[in-house]
Amino acid sequence: MTDDNGTTATAATGTLGYEQARDELIEVVRRLEAGGTTLEESLALWERGEELAKVCRHWLEGARARLDAALARPQVDDDRG
């Protein structure tokens, strides 16, 4: 999305958590699907959606790497019952 000066709002994207980015992405998609926006607004929404999707992918790839690392560790039998 753009601010009053027409610049893309990217500053906060890097600090978003997965859930925040996902929720905002859902809202962006909803607004695009609803229509009624100008071409400029639609392009800004699309660009924001791409940024948010990238943030979500980053978080999901990190989670996958952590899971893979955990699964690759040798299992330690704990007989302390």
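Me: Which side chains does a polar contact of 2.8 Å join?

Reply: In general, a polar contact is a pair of N or O atoms within 3.5 Å, where within protein one must be able to donate a hydrogen and the other to accept it, and where residues adjacent in sequence count only if both atoms are side-chain atoms. In this structure, the side chains of Arg48 and Glu24 are joined by such a contact, at 2.8 Å. Please keep in mind that this is a predicted model, in which local features need pLDDT of at least 70 and side-chain atom pairs count only at pLDDT 80 or more, while totals for chains, interfaces and linings use all residues. Residues are numbered from 1 along each chain as its sequence is written, and side-chain values use heavy atoms, with hydrogens and water left out.

Me: What is the mean pLDDT of the chain, and where is the pLDDT below 50?

Reply: The pLDDT is the predictor's confidence in each residue, from 0 to 100. Here the mean for the chain is 85, and 79% of the residues reach 70 or more. Over residues 1-8 the value is below 50, although in the model this stretch has twelve contacts beyond near neighbours in sequence, a contact meaning heavy atoms within 4.5 Å. Where pLDDT is low, the predicted coordinates should not be read in detail.

Me: How many helices and strands are there in the chain?

Reply: Helices (H or I, at least four residues) and strands (E, at least two) are DSSP runs, numbered from the N terminus. By that rule, the chain has two helices and zero strands.

Me: What span should α1 have at 1.5 Å a residue?

Reply: The expected span of a helix is 1.5 Å times one less than its number of residues. For the 17 residues of α1 this gives 24 Å, which agrees with the 24 Å between its end C-alpha atoms. In α2, which has 34 residues, the distance from first C-alpha to last is 49 Å, close to the expected 50 Å. After α1 comes Gly35, whose phi is positive, near 75°.

Me: Is Arg48 buried or exposed?

Reply: Buried means under 20% relative accessible area, exposed over 50%, and partly exposed in between (1.4 Å probe, protein chains only). Arg48, which is found in helix α2, counts as buried because its relative accessibility is 6%. Ser42, also placed in helix α2, has 21% relative accessibility and therefore counts as partly exposed. Over the chain of 81 residues, buried residues make up 16%.

Me: Which residues form the largest nonpolar core?

Reply: A nonpolar core is a set of buried Ala, Val, Leu, Ile, Met, Phe, Trp, Tyr and Cys residues joined through side-chain atoms within 4.5 Å. The largest one here has seven residues, namely Leu16, Ala21, Val28, Leu45, Leu52, Val55 and Cys56. Both α1 (18-34) and α2 (39-72) supply at least two residues of this core, and the largest share, four residues, comes from α2. The buried residues of α2 pack against α1.

Me: With which residues is Ala21 in contact, leaving aside its neighbours within four places in sequence?

Reply: Ala21, found in helix α1, is in contact with Leu16, Leu52, Val55 and Cys56 once those neighbours are left aside. Ala21 is buried, with a relative accessible area of 0%.
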